[in-house]
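Visitor: I'm about to look at this one for the first time, so could you walk me through it?
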Amino acid sequence: MTATPWSLLPPLLAIVLTLVTKEVYSSLFAGIVLGALFVANFNLIQTMDLIVVDGLSQSVSDLAGNLCFLVILGIIVAMVSKSGGSAAFGRWAQTHVKSRVGAQLATFVLGVLIFIDDYFNCLTVGSVMRPVCDQHRVSRAKLSYLIDATAAPICMIAPISSWSAAVAGVADGMGPGVTGIQLFIRQIPYNFYSLLTVVFVVAIVLMKLDYGPMLAAEERARVDGDLGATEEDEADAEKTNGAICDLVLPIVVLVVAVFGAMLYVGGFFGADVSGGTEYAGDLAGAFGNTDAFVALPWGGIVALAFTAVFLICRRRLAFEEATACVPKGFVAMVPSILILVLATSLKTMTSMLGAAEFVHGAMQGIAAGLYGFLPAVIFAVALVLAFSTGTSWGTFGILIPIVIAILPQDSPLLIVGISACCAGAVCGDHCSPISDTTVMASAGAQTEHVLHVSTQLPYALTVAAVSFVTYILAGFVPNAPLCCAVGTVLTIATLLGIRRFVTAQRA
């Protein structure tokens, strides 16, 4: 079953079960078990070893830094909520953000500004904007979509981010006289999914348009006040004492600390964690050399220490209350931690089944007869692979070397193909219920993961369809401004058509 279509069956099983049963934990575990059975050739003892050792235990080890940051952020959020900072920020927002449109646009703008890392983006934007969106009865499903849409898509078109470092690391040395970061920057104008997602989000907010399951979630929030929040968050929302600085200052310190930690870990200040000094003073080089899984908990610990001392000194929290927030913050993040560990274990099984080799062979077979359509084909393949495996980084890590191998170095389609690979990886990651970024967006908005996935999917697929058509055009007319203009017009036209359909259905 290795390097065959069977290699994609375990993640597809997990995805189908998640969407059908609305229960993510057992669905992910079922996919892990099936993958382990395939790898072990149905030997039960080896299957158990694969599940426990190669799957769950290794996933916890690989995700250690990320899991630490999740817990740290959960503790910070618990402290800020306990101090009344979240409620104070909500009262302030009530007088400054006047409408639901304003609340959604503010979430979008903040998401664009925090482009350093998608995990950091999801959790930080969620922490800041939850009280604002709650005040204007924006559903948590819509909030989680806005968070997710400004996480990976924005990081993929930001020259300085953990994503640019990942792509540059894969592509470095694969083009004559061109560095990985240069290839990353050159692909940005052709990254239609990321660019058109920005157009899509602004358009639906200004048009006040929702459709599919998101429409029902928004109506429940607007009419009935049912935001779709988790029980833990609804309890925290009752806190009313505190000042706005009790929320804003800890978040600002968190942003600055994580940004500084990324530069430090990358060697910007003269020595990285491995002792290197070649990136001293080199901002882009330091980001390309950084390790987000080290930098996030590094900066998070600094921010946590500041938050505790700050709130205790201001007498917003007693020492006992601050320490009580530690287990509370951990408990709030347990669902996200479980999903991340299970999803990563499933990715491991998919990798061991040789999904990369299967896709490599399929891509080489396609390349011979569909040269002009290759960007669209690459986009579709990357989307399916990222959706099935839940990893955009793994997807472009697999496909970028293949794209460079099948397209001539002097071909105008080389950059378009690399961009299509990156865009498809982001799109599949955006759609997939087993993606860590999707999990983070659910955690940031503090809503049910399955609710986020089901409401977001029609929106992401709409942009994907327009992007696919745009990549067909780019395959024959590789002109970035023209293609972007056509894609923008198609996006707006599609939304106008959807609005007319929705209006007719509700009449």
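Visitor: What is the relative accessible area of Met-1?
Guide: Met-1 has a relative accessible area of 38% and is partly exposed, where buried means under 20%, exposed means over 50% and partly exposed lies in between, with a 1.4 Å probe and protein chains only. Please keep in mind that this is a predicted model, in which local features need pLDDT of at least 70 and side-chain atom pairs count only at pLDDT 80 or more, while totals for chains, interfaces and linings use all residues. Residues are numbered from 1 along each chain as its sequence is written, and side-chain values use heavy atoms, with hydrogens and water left out.

Visitor: Stepping back, how many helices and strands does the chain come to?
Guide: The chain has 25 helices and 0 strands; both are DSSP runs numbered from the N terminus, helices being H or I with at least four residues and strands E with at least two. Of its 507 residues, 56% count as buried, and the accessible surface comes to about 19300 Å², with 68% of that belonging to carbon and sulfur atoms. Among contacts between residues at least 6 apart in sequence, 80% join residues at least 24 apart, a contact being heavy atoms within 4.5 Å.

Visitor: How many salt bridges does a search of the whole structure find?
Guide: The search finds 6 salt bridges, each being a side-chain nitrogen of Lys or Arg within 4 Å of a carboxyl oxygen of Asp or Glu. One of them joins the side chains of Arg-100 and Glu-218, at 2.7 Å from N to O. Arg-100 belongs to helix 6 (residues 100-113) and Glu-218 to helix 13 (residues 213-224), so this pair ties together parts that are 118 residues apart in sequence.

Visitor: And which residue forms a salt bridge with Lys-142?
Guide: That is Asp-210, with the closest N and O atoms 3.0 Å apart. Because Lys-142 sits in helix 8 (residues 140-149) and Asp-210 in the loop between helix 12 (192-207) and helix 13, the pair ties together parts that are 68 residues apart in sequence. Both Lys-142 and Asp-210 are buried, and Glu-218 is buried as well, with a relative accessible area of 0%. Arg-100, Lys-142, Asp-210 and Glu-218 are linked in a network of salt bridges.

Visitor: Switching to packing, at what angle do helix 12 and helix 25 pack?
Guide: Helix 12 and helix 25 (residues 480-506) pack at about 35 degrees, with their axes 10 Å apart; the axes are lines fitted to C-alpha atoms over the stretch in contact, and angles run from 0 to 180 degrees between N-to-C directions. The residues making this contact include Leu-196 and Val-199 of helix 12 and Gly-487 and Thr-488 of helix 25.

Visitor: Which residues is Thr-488 in contact with, leaving aside its neighbours within four places in sequence?
Guide: Thr-488 is in contact with Leu-196 and Val-199. Thr-488 counts as partly exposed, at 30% relative accessibility, and its C-alpha atom is separated by 9.8 Å from that of Thr-197, a residue 291 places away along the chain.

Visitor: One last topic, the backbone: what phi does Arg-137 have?
Guide: Arg-137 has a positive phi of about 55 degrees, although it is not a glycine. Most residues other than glycine have a negative phi. Arg-137 lies in the loop between helix 7 (118-135) and helix 8, and is partly exposed with a relative accessible area of 38%. Gln-446 also has a positive phi, near 55 degrees; this residue lies in the loop between helix 23 (436-445) and helix 24 (449-476) and is buried, with a relative accessible area of 14%.

Notes. Accessible areas come from the Shrake-Rupley method with a 1.4 Å probe; for residues, only the protein chains shown count as cover.
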